[in-house]
Amino acid sequence: MSNPRGQAIQRFAIDAMPRSRAFFLSISSIVAGLLIWQISATVLFDSILYPSALSTLVALASEMTRGNLGKDLTITFGRVVAGFAMGSFLGASLGLLMGSFRSVRTFFSPMVNFFRFITPIAWVAPATIWFGIGETSKLFLVVYATLFIVLINTMTGISHIHRDRFRMARSFGANPLEIFWRITIPASVPFIITGMRIGLGNSFMTVIGAEMLAGNDGLGYLIYSSRLFYRSDVMFAGIILLGVMGFAADWLFVLLRRRALSRYEVLS
Amino acid sequence: MTGPHAGEADTAKKASLTGSRAISVVGQSAPIGPSITKRTLTDVLIAVLSIGCLFAVWEFASRTFGLLLLFPPPTVTLRRFAELMATGELERAGLFSLLRIFAGFFVGSLAGIFLGLLMGSFVNVRAVAEPYVHFFRFVPPLAWFAPVMLWFGSGEVARTILIVYTTIFIVALNAMAGVAAVPRNKTRMAHTFGATDAEVFRLITLPACAPYIFTGMRIALGNSFMTIVVAEILGARDGLGYLINNGVLFLDVALVFSGIIALGILGFLSDAVFSLLIRRFAGQFAPPHSTSG
């Protein structure tokens, strides 16, 4: 209390604390959380409804060694990757076209604005009727979940390019193709990447929903069907795996962005 | 040469201000040519043409391939939509879905703002809470559906909790980012002029965070629509998700389409109303350009 002003300034600064102390606090917070989980599960609740940290870990290990969990994990991950890649490609291409040509933009804007407000999950129902519960419907849904967010971000990126850059290129004699290749695409890359990162999160959400509502494999199905067998430990193992997978995918994405695309000045 | 350009820029700005959505702004390819009124008229024509094309292709596809049942044409879908509206079924379902979303969204936003501001302001809180926030934000709300149903049954509590979960982390992270983005010199200046911590928070941190918080809330609102559909399909007696699921069970695809269209309209309207409310009542805090899906 001797120097309240000084303390106040320190407290508002993010990097005021030594990294080691922040790290220590985070680690002890995780340990404390796990302990609270373990103790509350063994003392307070029914283990069928609320598995302890240890039994979740055991379930994770045993399901992993039996190969169930690994299989579901690969299936879900494969679906996300395939749909995400296609959706990003389509979204970026269409976004570049719409951003560059006024007539294309005007033509497609009403459609895009209509469909982007319909959540991908809502399409699970028709997709199941049309394509069955197999891979086609999952692919369709993940593409849909990625496409619009990437498209809209790409267009935003193009609209943020300063007009003078186009004017400059033109006065130096660049033709429209060169302008597109050398100015439009590089300048919109950061926005495309941002859209893709959000799209990746949406893809995970959609695929889980689709597997829960209409599917017979994948992590979503595993989690949801464990409920029927009262295997809440398997359920929790699936949830934790899902969190780890989402985290890893996002981390890989950030890494890739930093490594390969740093010259495009991607904002985080 | 400068005259018409300046005029165009102005109308582009006005168009964006009067709310024709962010996409239709800024034609950067230095368009020289027809007058402004002529161009907006062409735009409207092209937009009408676009919607017309969509409907024509849709109608044509379903009629030629004889898929009236599996892929009902717009005429059939719209008739079903009107039918459902007339009986009040659709309005009722929409109202239920909206009420659920708003209840969860409200609670989740409040909690998220509180948590995010705490995490942004105090390094200790941030160090303790960050691992959890970063873990849980990668676990989609839908994954919690199974445990939540085990614990709370398939009632309103379960659905509200899922919406709260959907909202809280994205709002918290945005609020935290908002606090982190407050220029340090601003808080230093205020402290130098003798402001207390509480004053700095109220007069500098909070206003500076507001745009971030609003952006987070807008994304969360969109995601809530995703969560509610699944929550209602998997265990509700009303709401749009339930309606859509009924359509699947009875192979009434027109009903499914009507539900989806209603969902899209509600999503669009709530997003528009949210943006409007921000601009009307908190215009100075409105995010500069919001691009959420």
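Trainee: How many residues does the contact take from chain A and from chain B?
Mentor: Keep in mind that this is a predicted model. Here the contact draws 66 residues from chain A and 65 residues from chain B.

Trainee: Which helix gives the most to the side of chain A that touches chain B?
Mentor: That's helix H5 of chain A, residues 102-115, with 10 residues. Sorted by class, the side of chain A facing chain B has 41 nonpolar, 17 polar and eight charged residues.

Trainee: And how is an interface's size usually put into a number?
Mentor: Often as the accessible area lost when the parts come together.

Trainee: Okay, now chain B. How many helices and strands are there?
Mentor: Chain B has 11 helices and zero strands. Follow the sequence and you read α-α-α-α-α-α-α-α-α-α-α. Of the 293 residues in chain B, 41% are buried. Now take the contacts in chain B between residues at least 6 apart in sequence: 70% of them join residues at least 24 apart.

Trainee: Back to chain A, then. At what angle do the axes of H3 and H4 cross?
Mentor: In chain A, the axes of helix H3 (residues 53-66) and helix H4 (residues 68-100) cross at roughly 80 degrees and come within 4 Å. Angles of 65 to 115 degrees count as roughly perpendicular, so that's the word for H3(A) and H4(A).

Trainee: Which residues meet there?
Mentor: From H3(A), A:Glu63, A:Met64 and A:Arg66 meet A:Asn68, A:Leu69 and A:Gly70 of H4(A). By class, the residues of this contact are two nonpolar, two polar and two charged.

How values were computed. Residues numbered from 1 in each chain as written. Chains lettered and ligands numbered in written order. Predicted model: local features only at pLDDT ≥ 70, side-chain atom pairs only at ≥ 80, totals over all residues. Axes fitted to C-alpha atoms, helices over the stretch in contact; angles between N-to-C directions. Helix = DSSP H or I, 4+ residues; strand = E, 2+ residues; numbered from the N terminus. Parallel < 35°, antiparallel > 145°, perpendicular 65-115°, else oblique. Contact = placed C-beta atoms within 7 Å. Nonpolar A, V, L, I, M, F, W, Y, C, P; charged D, E, K, R; others polar. Buried ≥ 20, exposed ≤ 12 C-beta atoms within 10 Å, placed from the backbone.
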